[in-house]
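Hi,

Here is the model I promised to pass on. Have a look at it first, and my notes follow below.

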Amino acid sequence: IRDRGPEPDEDYYRSVSSWRDSPHFTERERLAIGYAEYLSLDPQGLARDDEFWTRIRLAYSDAEIVDLSYCAFSWFQGRVTHALGLDGACAI
């Protein structure tokens with residue numbers, strides 16, 4: 001079993017809302033959080049933001065960006081399913 005470190009405390013959860021400045025996140029983590037937020041709020045703007053793409057490509061490989069995209073999509077899909085009440089339709 002891999003040690004994942006201590007369980008997050010209340011300070012950590014408070015830092016989530018201020019992720020841009022929080023000392024709890026590395027630069028790579030901030031880019032991943034920013035990517036997910038940007039993707040959810042302004043996907044067309046994200047597609048055109050060359051400066052953001054330059055920064056994220058310096059920190060992540062193309063394969064990692066695909067993984068981040070898939071993770072964000074999975075989360076968004078779950079939120080849509082929940083919002084439409086479809087998550088209770090399947091007993092699996």
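Arg30 is buried, with a relative accessible area of 18% (buried is under 20%, exposed over 50%, partly exposed in between, using a 1.4 Å probe and protein chains only; the areas come from the Shrake-Rupley method). Before going on: this is a predicted model, so local features need pLDDT of at least 70 and side-chain atom pairs pLDDT 80 or more, while totals for chains, interfaces and linings use all residues. Residues are numbered from 1 along each chain as its sequence is written, and side-chain values use heavy atoms, without hydrogens or water.

Back to Arg30: what does it pair with? Its salt-bridge partner is Glu27, with the closest N and O atoms 4.0 Å apart (the rule asks for a side-chain nitrogen of Lys or Arg within 4 Å of a carboxyl oxygen of Asp or Glu). Both sit in helix H2 (residues 27–41), 3 residues apart, so about one helical turn separates them (helices are DSSP runs of H or I, at least four residues, numbered from the N terminus). Glu27 is partly exposed, at 47%.

Glu51 is partly exposed at 47%, as is Arg55 at 35%. Arg57 pairs with Asp62 at 3.8 Å, and both of these residues are exposed.

Leu84 is exposed at 60% and lies in the segment after helix H5 (62–83).

Finally, the largest pocket holds about 190 Å³ of space (a pocket is an open set of points on a 1 Å grid where a 1.4 Å probe fits, with protein on both sides within 12 Å along at least five of seven lines; lining residues have an atom within 4 Å of a point; the volume is the space filled by probe spheres set on the points). H2 and H5 are the elements that give two or more residues to its lining, and H2 gives the most, with 6. Among the lining residues are Tyr35, Glu37, Ser40, Trp75 and Phe76. By class, the lining has 9 nonpolar, 1 polar and 1 charged residues (Ala, Val, Leu, Ile, Met, Phe, Trp, Tyr, Cys and Pro count as nonpolar, Asp, Glu, Lys and Arg as charged, the others as polar).

Cheers
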